[in-house]
Amino acid sequence: DMNDGYEQNIEERFDLDEKAKLGDGAFSVVTRATNRATGAVRAMKSVLKSRVQKVEALKNEIDLARDMDHPNIVRLYGIYEDPRHVYLVMELCEGGELFDRLSEVYSLGEKGARACMRQVFASVAYCHSKGIVHRDLKPENYLLYDKDKPLDQTLLKLIDFGLAKPLPEAGCLRTRVGTAYYVAPEVLAQAYTEAADVWSSGVIMYIMLCGAPPFNADKDSDILRLVKKGQYSMESGVWRTVSTTAKSLIKACLEMDHKKRITAQDALSHEWFHRDEVDGAPLD
Ligand code: ADP
Ligand code: MG
């Protein structure tokens with residue numbers, strides 16, 4: 001068994017609403033579930049053990065996620081196990097993926113982007129303060145907590161610690177993982193630290209402001225070629241109305257030298273976050 005400490009008898013504790021599917025992962029289904037004793041409604045990730053290549057990897061995800069306690073990271077409340085599944089009981093997010101919201105609009109505008117990016121950097125700074133590198137930051141992995149709220153009033157929550165790793169002391173990580181659009185150049189060179197997450201955050205911010213990724217091509221291999229060169233632009237039409245402070249924060253995140261790159265904590269006190277924009281008025 002995976003872990004003798006995990007509780008048993010999921011059906012006794014939870015009413016699983018199999019029809020209320022919230023999402024699919026590579027080896028999992030996420031549905032709505034109600035705690036029979038408390039009435040609390042949760043998100044339940046059911047992982048089929050037979051589909052998990054390495055039980056160790058799932059254990060890693062659980063151990064890291066369990067230790068996270070931050071308003072911008074989905075809480076993991078409990079773990080259950082039966083012969084065929086492992087179940088993760090999580091805080092329920094009702095608003096879907098940030099990815100889908102971004103797909104609906106051309107740009108979030110600076111006000112919306114600022115409200116979202118403040119939460120993205122807060123979640124990343126918290127992970128890094130605990131020595132954890134998420135390694136898969138992307139809009140698919142940020143969920144909207146509230147169902148029908150405008151984006152600038154919504155709580156965002158980070159999910160999926162499936163690729164997360166503790167940073168080795170005085171060392172670096174070497175495995176090439178992640179998603180082409182968001183991956184940092186030093187990850188491709190296989191020697192990186194938590195700064196790789198800040199690069200991905202910069203990619204997310206860029207997408208929020210112009211609707212397209214900074215390193216964009218049809219094939220992954222072509223995307224990666226652009227990433228390695230750090231070749232992107234903020235010259236096209238949409239960028240003309242974006243403030244220079246927003247652009248300077250993106251540049252600080254997409255700094256090629258990861259030792260010179262801004263940290264998530266410093267990003268939170270970047271000038272771009274100092275002002276609360278009057279709607280529609282240019283900032284600079
Ligand atoms: P995997 O590790 O298999 O990729 P994820 O943890 O990414 O699984 O979850 C798969 C999908 O389920 C997510 O993309 C999301 O749409 C949905 N989901 C995951 N966690 C929650 C949650 N706490 N609340 C609502 N939906 C969720
Ligand atoms: Mg996922």
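This is a predicted model: local features need pLDDT of at least 70, side-chain atom pairs count only at pLDDT 80 or more; totals for chains, interfaces and linings use all residues.

Colleague: In what order do the strands of the open sheet lie?

Modeller: Helices (H or I, at least four residues) and strands (E, at least two) are DSSP runs, numbered from the N terminus. Two strands pair if DSSP finds at least two bridges between them. Here 5 strands make an open sheet in the order 1-2-3-5-4, with antiparallel pairing. Strand 1 and strand 4 (76-81) are the edges, each pairing on one side only.

Colleague: How are the neighbouring strands joined?

Modeller: In a regular strand, the side chains alternate between the two faces of the sheet. As to the pairings, strand 1 and strand 2 run antiparallel with 7 bridges, and they form a hairpin with 3 residues between them. Gly 23 has Val 30 in strand 2 as its bridge partner. Strand 2 and strand 3 are likewise antiparallel, joined by 7 bridges; this hairpin has 5 residues between its strands, and Gly 39 in the turn has a positive phi of about 80°. Strand 4 pairs with strand 5 (residues 85-90) over 5 bridges in the antiparallel sense, and Gly 78 stands opposite Val 89 in strand 5.

Colleague: Which residues come nearest to ligand 1?

Modeller: A residue is near a molecule if its C-beta atom, placed from the backbone, lies within 6 Å of it. There are 20 residues around ligand 1, and Leu 22, Gly 23, Gly 25, Val 30 and Ala 43 come nearest. Strand 1 (14-24), strand 2 (28-35) and strand 3 (41-48) are the elements that give two or more residues to this shell. By class, the shell has 11 nonpolar, 4 polar and 5 charged residues; Ala, Val, Leu, Ile, Met, Phe, Trp, Tyr, Cys and Pro count as nonpolar, Asp, Glu, Lys and Arg as charged, and the others, Gly among them, as polar.

Colleague: Is Asp 160 buried or exposed?

Modeller: A residue is buried if 20 or more other C-beta atoms, placed from the backbone, lie within 10 Å of its own, exposed if 12 or fewer, and partly exposed in between. Asp 160 counts as buried because it has 20 C-beta neighbours inside 10 Å. It lies in the loop between strand 8 (156-158) and strand 9 (165-166), and has a positive phi of about 65° although it is not a glycine. Ala 170, also not a glycine, has a positive phi of about 55°, but is exposed, because 5 other C-beta atoms lie within 10 Å.

Colleague: At what angle do helix 6 and helix 8 pack?

Modeller: Two packed helices are described by the angle between their axes and the distance between the axes. Axes are lines fitted to C-alpha atoms, for helices over the stretch in contact, and angles run from 0 to 180 degrees between N-to-C directions. Helix 6 (residues 195-210) and helix 8 (residues 244-253) pack at about 150°, with axes 8 Å apart. Their contact residues divide into 9 nonpolar, 2 polar and no charged.

Conventions. Residues are numbered from 1 along each chain as its sequence is written. Chains are lettered from A and ligands numbered from 1 in the order in which they are written.
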